[in-house]
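Please consider the chain shown below, its fold and its local backbone geometry.

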Amino acid sequence: SGGTALTYQWQKSTDGGTTWNNIGGATGLTYTEAALTTTTQYRRVTTSGSGCGSINSNAITVTVYGQLNGGTIGSSQSICYNTIPAAFTDVASPAGGTALTYQWQKSTDGGSTWNNIVGATGLTYTEAALTVTTQYRRVTTSGSGCGSINSNAITVTVYGQLNGGTIGSSQSICYNTTPAAFTNTASPSGGTALTYQWQKSTDGGTTWN
């Protein structure tokens, strides 16, 4: 107020108010800014057409939180059936936003469907024993309404349950003769890189060598 024939010019500063620059076309009583990526201050300069000079409004600050980053978790691993995987570590912590919270999720269908793990809200997570290959990720949410972002996904590959297969078959032979070869009726499966060792017992199965 004051003076006469007032005109307006909005200015902004990205160096804490040391340098102020006019915003092109921003000559109204109010101003709407575009999307921001850095903290910026604003003020409105009012000029009197009667030669009474110019005066600044108060300065306001739009604080821009850092870009939300989901960080990195580690690492993919392979385990035997029904065993506990190594703990999932925080390789690089999430950043950006403000008041960050975390929720771990898992998927057993190759990443098509993700489900929250109840109580898993820390930077790291330790899983129980697994019987199926499972993927994991950590979801970071900003309390300032800046949204959520996922970490990388890691995979715990679970080898199939170890199965010894079937050999055949029991037989009766004469003294000091050679039995028929022992066949592989059903091959062993599960696990990985399988190796084999035959054993025998002459005491009814109490001791095997």
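Reader: On what basis are the values given?
Author: This is a predicted model, in which local features need pLDDT of at least 70 and side-chain atom pairs count only at pLDDT 80 or more, while totals for chains, interfaces and linings use all residues. Residues are numbered from 1 along each chain as its sequence is written, and side-chain values use heavy atoms, with hydrogens and water left out.

Reader: How many helices and strands does the chain have?
Author: Helices (H or I, at least four residues) and strands (E, at least two) are DSSP runs, numbered from the N terminus. By this count the secondary structure of the chain comes to 0 helices and 15 strands.

Reader: What radius of gyration does the chain have, against that of a compact globule of 209 residues?
Author: The radius is taken over C-alpha atoms, and the globule rule is 2.2 Å times the number of residues to the power 0.38. Along the principal axes, the C-alpha atoms fill a box of roughly 130 × 25 × 25 Å. A compact globule of 209 residues would be near 17 Å, whereas the chain has a radius of gyration of 35 Å.

Reader: What share of the residues of the chain counts as buried?
Author: Relative accessible area decides the class: buried is under 20%, exposed over 50%, and partly exposed in between (1.4 Å probe, protein chains only). The chain exposes about 13,300 Å², of which carbon and sulfur atoms supply 50%; such areas come from the Shrake-Rupley method with a 1.4 Å probe, and for residues only the protein chains shown count as cover. Of the 209 residues, the buried share is 23%.

Reader: What share of the contacts with a separation of 6 or more joins residues 24 or more positions apart?
Author: A contact means heavy atoms within 4.5 Å. Among contacts in the chain with a separation of 6 or more, the share from residues 24 or more positions apart is 53%.

Reader: Where are peptide bonds cis, with omega near -10 degrees and near -5 degrees?
Author: Most residues other than glycine have a negative phi, and most peptide bonds are trans. S75 lies in the loop between β6 and β7 (77-79), while S169 is placed in the loop between β14 (166-168) and β15 (183-186). The bond with omega near -10 degrees runs from G74 to S75, and the bond with omega near -5 degrees runs from G168 to S169.

Reader: What is phi of A5 and of N82?
Author: A5 lies in the segment before β1 (7-13) and is exposed because its relative accessible area is 56%. N82, in the loop between β7 and β8 (89-92), is partly exposed, with a relative accessible area of 48%. Each value is positive in a residue other than glycine: phi of A5 is near 50 degrees, and phi of N82 is near 60 degrees.

Reader: Is Q67 buried or exposed, and why?
Author: Q67 is found in the loop between β5 (60-62) and β6 (72-74). Apart from residues up to four places away in sequence, Q67 touches A95 and G96. Because its relative accessibility is 75%, Q67 counts as exposed.
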